[in-house]
Amino acid sequence: MPEFKHATLPSGLRIVAETDPRSYSMSLGYFVRAGSRNELDPQSGLSHFLEHMMFKGTARRSAEDVNRELDELGGQSNAYTTEEQTVYYATVLPKFQDRIVDLLTDMMTPTLDEQEFETERQVILEEIAKYEDQPPFGAFERAMEIHFSPRGLGRRVLGTSESIEAMTADRMRDYFHTRYRPENIVLAASGNVDFDGLVAMVQTATEGWSGRRAAESLVPDDPDQLPAGIELGNRLAIADAMQAYSIEIGNGPSSEGDERYAGRLLATILGDEGGSRFFWDLIDTGRAEVATCWPQEFSDCGAWFTYLVCSPGDLESNRRFLHDLVANVVRNGVTEEELQQTINKMTAGYIMQSERPSSRLFGLGNRYLMYGQYLSLDQTLEKIRAVDQAAISAVAKRYLAAEPTEIRAQMTSP
Amino acid sequence: MTSFTESASGRITTQILDNGMAVLVQPMPWLRTAAFTLSLRAGVEDEPLEKSGLASMVCEMVQRGAGHHSSRDLVAAQDNLGMDRNSGASTATVSFGAAMPAESFDQALRLYADIVRRPHLPADQLGDARLMMMQELRAIEDEPTQRVMRRVRELHYGPRLGRGNQGTMDSLAALSSLDVQEFYRDHYHAGGSILTVAGRVDAKAVIEQIGEAFGDWKSNAVEAPPEPEGVATYEHLPADSSQTHIAFAFPNIPYGHPDYFAMRAGIGILSDGMSSRLFDRVREKRGLCYTVSASCHSLKNAGGVFGYAGTTPQRAQETLDVTLQEIQNLADDLEQSELDRWKVRIESSLIMEQESSSSRAGSLASDYFQLGRAMPTEELSRIIESLTLEQVRDYWRTHRPGQYRIVTLGPQPLTVPMETSATSR
């Protein structure tokens, strides 16, 4: 059986692991409380830009060395940034534990070289341009900006071309020193892990982290001014788009309380891609390309998204279908039969995912970083199985009765 | 006929049923799940030329009710069994696969025997299935990366082997219920079919069960695949996009060819990982793009290397030039350390494959399709281990990439060097 272990170093850095000696692999990840919601206007996009720069060399390794050594360890390694955190992770064979710990830990003290900063700025601008070409053409970001305001949770993770072009390496260094302090970081590991070896190694390697201090103090954002490159209209005109893209955003459960399980089940019953109420009415019939909904959980609040993609001429009638289905679930709840079917499907999904240590890692690290909590697979399954019709109804009434905000991207009308 | 392939990671049992269905089972008793892949010779290459999209349409229609189950009953049964399922038509085959908690396996298998053997093919749902497929076509139109990749594939293998599985608006509009029934009757049978199972199962019991479910299925002859007929060319699709999207392809050998791994290692050095040449030299050193990659693709009788790069228009020409140059110069300065890194990567992924029944079932199916036999992990591991840098270099020196098919989408076309597209292999 998997076993939970944890340790807190004198610096405040927390280490957690779910170990299972039967695993063929081990996964390791640094989870840092540094996301777009922690940024001010002049820092917009900095958490994510910094994530890229963490691969660009340390006192002991050049950028080339970092990439080469990651590949030498043969596993899967990468990083991502969200509104609330930045995560650096790798999955390798257990025999490479010490080498991957050494490498990832060293990467967490980057040199932030000016020349590399300039090259990487171009890559980030390309990344922004790439997403501009992909459906729904920035409409999710717009929905978050309108719902949460363009600051806090509504701040774009990638920043804007304007904010990235204006960024300086000095400002990045300061941000790094403010956010990458040991008390803001959890190191998580899963699978075939030697936990004691991990703790001993990390303790020595991270002794210098406590001295991180920021120099620059930025003035608070002016709420009466929009950040550079931000617009707040709820219509996006897209040249040549074949489909119309409609996003609705409202409130939803946070990732903290048990309500989130009912929220996830409700979203599956309503909007899952195979066999949900939206599916039978809109996808199976060919009325829409996409008709789905999901709760987007954050540590202290949540959003509820409904996403519809179809031919522009069918948009209004399809929206009426969706609204009727939502109104119906708010009024009448769900049947016991569909709830049990969805619970069976969801619990099987969790069980299947848990076979790979790499899929356990993210829940483990994220939960410990945000709440200092651990949930075993069996605890999670128990919580899902405990959801009843009343709990689903309560979530539906609480979050789906209110009128959501709609954001739409479609071709400019001639 | 039963044969066994011994392997430390689990004995693979291969049994060919009398009707021609190849059954491969690999028990992985350390897992909680089981998975299967069922592939039938009812792919895109079996469609009549003018009925593009028919294989996908039939794949969709067989799942709209089968045996005693309506369309909705099927989904309810699958959900209750906890099945994570997928299906789709590729060039040569149509595949149905699922992973699930091991205790669901018996019932799942019976359900899929109903789907492929006793589908209702309800004529009154043809219109819905058609609209559903048209939605997919519309989606591709809005996704530039998919558009260029779909087009370059068509140019690479030619209109017969290279066309997408989604059809066209016109071909879909013309498909009839009779087309669906005829394609189903002619191509859904045991001949040339492959059913692979991996995970927490007992091989003997599973093979017996498969015999009961599929042993008396009819068998038709399987036709040889059409020949590839692609040509070197450059095509530009004008679009008012933020980036210029570049897709390229050149001919190469398919999986199953004796030199395959020497070739594959070269593409690994070019594009697998963050220290690979394309990632390092196009993205990391020059900052030209966010995405750049190349990978191998195999059909039974043809293969190719496909690649993609996305970059803003003012830097697109340089991106194309640098990318092609890296490919052309691949053999000139290969280093042992590059090959060593690629080997560790493959070794690791082979070991980690043992954590997933579905990826193992998928590998068994593609191995059997391409090689005609099971490839145990140890054998593959030995082949990779014994590859030398000389073999990789020799392959790429004697098979210089050429005959490029290039597609760009963006505000402006690019200049494609003629000698590149005219170079023969």
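Me: What makes strand E4 (residues 33-40) of chain B and E6(B) a pair, and in which sense do they run?

Reply: This is a predicted model, and every value here is computed from it. E4(B) and E6(B) are joined by 8 bridges in the antiparallel sense. Pairing asks for at least two bridges, so the two strands count as paired. Within this pair, Thr37(B) stands opposite Gly97(B) of E6(B).

Me: What joins strand E5 (residues 84-89) of chain B to E6(B)?

Reply: 6 bridges, with E5(B) and E6(B) running antiparallel. Again the threshold is at least two, so this is a pair. Ala89(B) faces Val94(B) of E6(B). The two strands form a hairpin, with 4 residues between them.

Me: Why is strand E6 (residues 94-101) of chain B called largely enclosed?

Reply: A residue is buried when 20 or more other C-beta atoms lie within 10 Å of its own. In E6(B), 8 of the 8 residues are buried, so the strand is largely enclosed by the rest of the structure.

Me: How do the axes of helix H12 (residues 336-352) and helix H14 (residues 377-386) of chain B cross?

Reply: They come within 10 Å and cross at roughly 175°. Angles over 145 degrees count as roughly antiparallel, so H12(B) is roughly antiparallel to H14(B). H12(B) makes the contact with Lys343(B), Ile346(B), Glu347(B) and Leu350(B), while H14(B) brings Thr377(B), Leu380(B), Ser381(B), Ile384(B) and Glu385(B).

Me: Which elements give two or more residues to the side of chain B that touches chain A?

Reply: In total, 53 residues of chain B are in contact with 48 residues of chain A. The elements are H2, E6, helix H4 (126-141), helix H10 (277-284), strand E11 (303-311) and H12 of chain B. The largest share, 9 residues, comes from H4(B).

Me: Which order do the strands of the open sheet of 6 strands in chain A have?

Reply: The order is E1-E2-E6-E3-E5-E4, with mixed pairing. Strand E1 (3-8) and strand E4 (76-81) of chain A are the edge strands, as each pairs on one side only. The twist averages 10° from one strand to the next.

Me: What makes E1(A) and strand E2 (residues 14-19) of chain A a pair?

Reply: They share 6 bridges in the antiparallel sense. At least two are required, so they pair. Phe4(A) stands opposite Glu18(A) in E2(A). Helix H8 (residues 195-205) of chain A packs on this sheet, touching E1, E2 and strand E6 (185-191) of chain A, and its direction makes about 160° with that of E2(A).

Me: What makes strand E7 (235-237) and strand E9 (290-297) of chain A edge strands?

Reply: Their open sheet has 5 strands in the order E7-E11-E8-E10-E9, with mixed pairing. E7(A) and E9(A) each pair on one side only. From one strand to the next, the twist averages 15°. Strand E8 (residues 244-251) and strand E11 (residues 405-410) of chain A run antiparallel, joined by 5 bridges. Ser246(A) stands opposite Arg408(A) in E11(A).

Me: How do you know that the span of helix H12 (residues 336-353) of chain A agrees with its 18 residues?

Reply: At 1.5 Å a residue, H12(A) should span 26 Å. Its end C-alpha atoms are 26 Å apart, so the two agree.

Me: Is Glu297(A) buried, exposed or partly exposed, and why?

Reply: Glu297(A) has 18 other C-beta atoms within 10 Å. Buried needs 20 or more and exposed needs 12 or fewer, so Glu297(A) is partly exposed. This residue lies in strand E9 of chain A. Leaving aside neighbours within four places in sequence, Glu297(A) is in contact with Pro253(A), Ser254(A), Ser255(A), Arg260(A) and Gly302(A).

Key: Residues numbered from 1 in each chain as written. Chains lettered and ligands numbered in written order. Predicted model: local features only at pLDDT ≥ 70, side-chain atom pairs only at ≥ 80, totals over all residues. Axes fitted to C-alpha atoms, helices over the stretch in contact; angles between N-to-C directions. Parallel < 35°, antiparallel > 145°, perpendicular 65-115°, else oblique. Contact = placed C-beta atoms within 7 Å. Expected span 1.5 Å × (residues − 1).
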